[in-house]
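Hi,

Here is the structure I promised to pass on.

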Amino acid sequence: MKILKEDLFVNLPNRLTIIRIFLIPVFLLLLVLPLNWGEVVWLGTSIPVTQVIGAVIFAAASITDFLDGQIARRQHLVTNFGKFADPLADKMIVMTAFIVLVAMKAVPAWGVAIIVCRELAVTGLRLIVVETGGRVLAAAWPGKIKTATQMVGIILLLLNNIGFGTIHIPMALIFFYVCLFFTIYSGIDYFVQNRQVFADSSAE
């Protein structure tokens, strides 16, 4: 019997995406429940064990996010489920991490609100582009910088600015604000690049 590539559980990229989605509630519960699993000290920084595990989960999810896309394109395993679930899973775990960090008072709520609003706006624009028969643009360099600083910043924030706290450099927050800048910049850039969508609708 021929195995269809659309089979969610046979397709390796889809399996990685599904695993990433199931990691989200584990990640969330680990960080919000009052679990007292002690602390570890690395590089002069004291970190709760739950945050260390959370950082490992987030890092693993980030790696699988990169891998499933690469595998899908190289092995021609791109599916409709993957197109829908892969970016959704990425946004879900990132937004979950930022909301948890707000609750931990590690980042300002206003900054996270801007990030969430940008993601919703860009996602909505992408839907309009697809609906009108346009081509969804690949991530430009500002978007790639946003993604990279976002991932590193979240991990550093979960690890209490490990390696930099002892020398009094708020590297985790620096990454957060760099991420925030490129979140705004890349969002504006994406709307500028797709401005013809609104011009076409007004012409109708």
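A definition to start with: helices (H or I, at least four residues) and strands (E, at least two) are DSSP runs, numbered from the N terminus, and two strands pair if DSSP finds at least two bridges between them. Bear in mind that this is a predicted model, where local features need pLDDT of at least 70 and side-chain atom pairs count only at pLDDT 80 or more, while totals for chains, interfaces and linings use all residues. Residues are numbered from 1 along each chain as its sequence is written, and side-chain values use heavy atoms, with hydrogens and water left out.

The hairpin

Strands β1 (residues 39–42) and β2 (residues 45–48) run antiparallel, joined by four bridges. Within that pairing, Val40 sits opposite Ile47 of β2. The two strands make a hairpin with two residues between them, and Leu43 in the turn has a positive phi of about 50 degrees. As background, most residues other than glycine have a negative phi. Is Leu43 buried or exposed? Take buried as under 20% relative accessible area, exposed as over 50%, and partly exposed as in between (1.4 Å probe, protein chains only). With 65% relative accessibility, Leu43 counts as exposed.

Lys105 also has a positive phi, near 60 degrees. You'll find Lys105 in the loop between α3 (80–103) and α4 (109–131), and its 75% relative accessibility makes it exposed.

Helix α5

The expected span of a helix is 1.5 Å times one less than its number of residues. For the 18 residues of α5 that gives 26 Å, and the end C-alpha atoms are 26 Å apart, so the two agree. Buried residues in α5 include Pro142, Gly143, Lys146, Thr149 and Gln150. Lys146 comes up again below.

Salt bridges

I counted a salt bridge when a side-chain nitrogen of Lys or Arg is within 4 Å of a carboxyl oxygen of Asp or Glu. The structure holds three of them. In one, Lys91 meets Glu119 at 3.7 Å, N to O. That pair links distant parts of the chain, with Lys91 in helix α3 and Glu119 in helix α4, 28 residues apart. Glu119 also meets Arg118, at 3.2 Å. And Glu119 meets Lys146 at 3.1 Å; Glu119 lies in α4 and Lys146 in α5, so this pair ties together parts that are 27 residues apart in sequence. Which residues end up in one network? Through shared partners, the salt bridges join Lys91, Arg118, Glu119 and Lys146. As for cover, Glu119 counts as buried at 6% relative accessibility, Lys146 at 7% and Arg118 at 14%.

Aromatic pairs

Rings of Phe, Tyr and Trp (its six-membered ring) pair if their centres lie within 6.5 Å; planes under 30 degrees apart count as stacked, over 60 as edge-to-face and the rest as tilted. By this rule there are nine aromatic pairs. One of them is Phe27 with Phe58, a tilted pair at 6.3 Å centre to centre and 40 degrees between the planes. Phe27 is in helix α1 (residues 12–32) and Phe58 in helix α2 (residues 49–74), 31 residues apart. Both Phe27 and Phe58 are buried.

Phe98 and Phe176 form an edge-to-face pair, 5.8 Å centre to centre with 70 degrees between the planes. Phe98 lies in α3 and Phe176 in α6 (residues 171–193), so the pair ties together parts that are 78 residues apart in sequence. Phe98 and Phe176 are buried as well. Ring pairs also link Phe98, Trp110, Phe176 and Tyr177 into a cluster.

A surface patch

Last one. Patches are made of residues with over 30% relative accessible area and no salt bridge, with like charges joined within 9 Å and nonpolar side chains (Val, Leu, Ile, Met, Phe, Trp, Tyr) within 5 Å. Areas come from the Shrake-Rupley method with a 1.4 Å probe, and for residues only the protein chains shown count as cover. Leu28, Leu29, Val32, Leu33, Leu35, Trp37 and Ile53 make a nonpolar patch of about 590 Å². Its largest share, three residues, comes from α1. Leu28 lies in that helix and is partly exposed, with a relative accessible area of 34%.

Cheers
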